[in-house]
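Please open the structure in your viewer and keep the sequence beside it.

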Amino acid sequence: MNNYGKVITLETAMKTFTLYRRSKSDDGNAYVAPGEPTLEGVVFSDGRTVICWRTQHPSINVWNCFEDFWAIHGHEGDGYGTEVIWNL
């Protein structure tokens, strides 16, 4: 049980992930070396999501949920080749 009185299960436990962008951005730049992760992230048991950028200008961002983060940074279908690898 966590500090908020909720039971933590495999479905609700903290999850970590790594995001790769397999292609260059629309402006032709690759912000990390090929094969290197663009960012690392964690989704906490309450859904809040924190990402750590691994680019030339690293930073950390906090989102209310993974879906909000993904809506801005997912770049599905626009040539970035975005891939999320969930760590078990």
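Predicted model: local features only at pLDDT ≥ 70, side-chain atom pairs only at ≥ 80, totals over all residues.

**The whole chain**

Residues are numbered from 1 along each chain as its sequence is written, and side-chain values use heavy atoms, with hydrogens and water left out.

Of the 88 residues in the protein chain, 26% are buried, where buried means under 20% relative accessible area, exposed over 50% and partly exposed in between (1.4 Å probe, protein chains only).

**Stop one: T38**

Select T38 next, which sits in the loop between β1 (15–21) and β2 (39–43). Is T38 buried or exposed? With a relative accessible area of 4%, T38 is buried. Its side chain reaches the backbone nitrogen of R21 at 3.4 Å, a polar contact being a pair of N or O atoms within 3.5 Å, of which, within protein, one must be able to donate a hydrogen and the other to accept it, and residues adjacent in sequence count only if both atoms are side-chain atoms. Leaving aside neighbours within four places in sequence, T38 is in contact (heavy atoms within 4.5 Å) with residues including L19, V32 and W53.

**Stop two: L19**

Move on to L19, which lies in strand β1 and counts as buried at 0% relative accessibility. Beyond its neighbours within four places in sequence, the contacts of L19 include T38, F69, W70 and V84.

**Stop three: the aromatic rings**

Now display the aromatic side chains, among which a search of the whole structure finds eight pairs, rings of Phe, Tyr and Trp (its six-membered ring) being paired if their centres lie within 6.5 Å, with planes under 30 degrees apart counted as stacked, over 60 as edge-to-face and the rest as tilted. The rings of F17 and F69 have centres 5.9 Å apart and planes at 40 degrees, so this pair is tilted. The pair links distant parts of the chain, with F17 in strand β1 and F69 in helix α1 (residues 66–73), 52 residues apart. F69 also pairs edge-to-face with W63, at 6.3 Å centre to centre and 65 degrees between the planes.

Technical notes: Helix = DSSP H or I, 4+ residues; strand = E, 2+ residues; numbered from the N terminus.
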